[in-house]
Amino acid sequence: MNMIFIIMACLLMTGCNSLQTIDARNQQHSPHNNADITATLTSLMDKEWRHGSPNCTTNSDPTFDVFTYNSSSYILRQNKCLSFEAPFIYLLFGDETLLVLDTGATKEPLDFALYQTIESINKKVSMRQGIPTRKLLVVHSHSHADHYAGDQQFVTQPDVTLIEPNEKAMRAYFNFSHWPNGEAKLNLGGREITILPTPGHQEEAISIYDEQTKWLLTGDTFYPGVLFVKHWQDFKQSISRLVIFASTHEVSAVLGAHIEMTNTPGEYYPIGTVYQPNEAPLVLSLDSLKTLNNELVKVAKPSELIFNQFIVKPMNTAQKTLSNIARWMTQ
């Protein structure tokens, strides 16, 4: 499984079937100047994430960079020396349930004690509030291995519901009868979460809206990096769907699953990079999402689109084939 994704990752950087390249960097807004980024997000905007080491044999960073946004919202980033993907994992506490979005890119609990780390945070929060620990609900932004590799740490644990990252499990749990249309609601206990289908990068991709923080969590659909698109029309519709949703919901920040861009507009770190000393912020603005949507409306066929804070790349035939094989292994 890991070898398939390594091969696919390498192929992803070897050209695309786009008919044209559009450089839209001059149209891209900066999230630092966007009114949607409120003062309460300053700490997240200014957060300098642990960004790996030039020599991983001497890396002494912890397995997780844990960021406390507030007493009920946490973000974990995996150590880049464990996986160059360094995915972000989101923890959202309700009064009854703790939502865990994604389980990282490493399987072995000895190297990657994700469940133990989350339960430690769970206990600390509960002790501070004087209530029992929350039960866990584990969901995935999509079914690529760097977002579900840690699942086995959860499957045998008590008070854990894990939604497997496949079409059958996703549709059954969230009751999507007309995918990708519609949306699902989760009540974590005093905290409502909205699940939005956003296929395009991958067939089962979802985005999550949190009513408490006003975060829009977009996985690999939209983040500061190279957005690989498997199904172009699905991707266009998903971005449009997010913009339409945001028109009736306050969005404070758009947060994805990786950072791959540098601080230089339109430049990204090569795939496999384990040291990113000048990486871009994790936070993207709603204006950034709207700008992407406006460009996609103009482009009928798969095309590479270059922006300051992200790049859109259509997958070629070989990349899609490997993606299909990887997806088949999760179904």
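**Figure 1. Lining of the largest cavity in the predicted model.** Strands β2 and β3 (73-78) each contribute at least two residues to the lining of the largest cavity. The structure is a predicted model.

Figure 2. Arg50 and Asp61 both lie in the loop between α2 (42-45) and β2 (64-70), so the pair ties together parts that are eleven residues apart in sequence. Arg50 has a relative accessible area of 40% and is therefore partly exposed. Asp61, at 25% relative accessibility, also counts as partly exposed. The whole structure holds 13 salt bridges.

**Figure 3. Salt bridge between Arg191 and Asp210.** The closest N and O atoms of the salt bridge between Arg191 and Asp210 are 2.7 Å apart. Arg191 is placed in the loop between β8 (184-187) and β9 (192-197), whereas Asp210 is in strand β10 (residues 206-210); the pair therefore ties together parts that are 19 residues apart in sequence. Arg191 counts as buried, at 1% relative accessibility. Asp210 is likewise buried, at 0% relative accessibility.

Figure 4. In the salt bridge formed by Arg327 and Glu203, the closest N and O atoms are 3.5 Å apart. Arg327 belongs to helix α7 (residues 317-328) and Glu203 to the loop between β9 and β10, so the pair ties together parts that are 124 residues apart in sequence. Both Arg327 and Glu203 are buried. Through salt bridges that share partners, Arg327 and Glu203 are joined with Glu167, Arg171, Glu204 and Lys230 into one network.

**Figure 5. Edge-to-face pair of Tyr115 and Phe154.** The structure contains 13 aromatic pairs. One of them, formed by Tyr115 and Phe154, is edge-to-face, with 5.5 Å from centre to centre and 90° between the planes. Tyr115 lies in helix α3 (residues 114-129) and Phe154 in the loop between β6 (135-139) and β7 (160-162), so the pair ties together parts that are 39 residues apart in sequence. Tyr115, at 15% relative accessibility, counts as buried because the cut-off for that class is under 20%. Phe154 is buried as well, with a relative accessible area of 0%.

Figure 6. Tyr173, Phe174, Phe176 and Trp179 make up one aromatic cluster. Trp179 is also joined to Pro180 by a cis peptide bond, for which omega is about 5°. Pro180 is located in the loop between α4 (167-174) and β8.

**Figure 7. Lys47 over the ring of Trp49.** The charged end of Lys47 sits over the ring of Trp49. It is 5.0 Å from the centre of that ring.

Figure 8. Asp102 is not a glycine, yet its phi is positive, at about 80°. This residue is found in the loop between β5 (97-101) and α3. With a relative accessible area of 2%, Asp102 is buried. Lys214, again a residue other than glycine, has a positive phi near 65°. Its place is in the loop between β10 and β11 (215-219). Lys214 is partly exposed, with a relative accessible area of 25%.

Key
Residues numbered from 1 in each chain as written. Predicted model: local features only at pLDDT ≥ 70, side-chain atom pairs only at ≥ 80, totals over all residues. Heavy atoms only, no water. Salt bridge = Lys/Arg side-chain N within 4 Å of Asp/Glu carboxyl O. Helix = DSSP H or I, 4+ residues; strand = E, 2+ residues; numbered from the N terminus. Buried < 20%, exposed > 50% of the residue type's maximum accessible area, 1.4 Å probe, protein only. Phe/Tyr/Trp six-rings, centres within 6.5 Å; stacked < 30°, edge-to-face > 60°. Lys NZ or Arg CZ within 6 Å of the ring centre and 35° of its normal.
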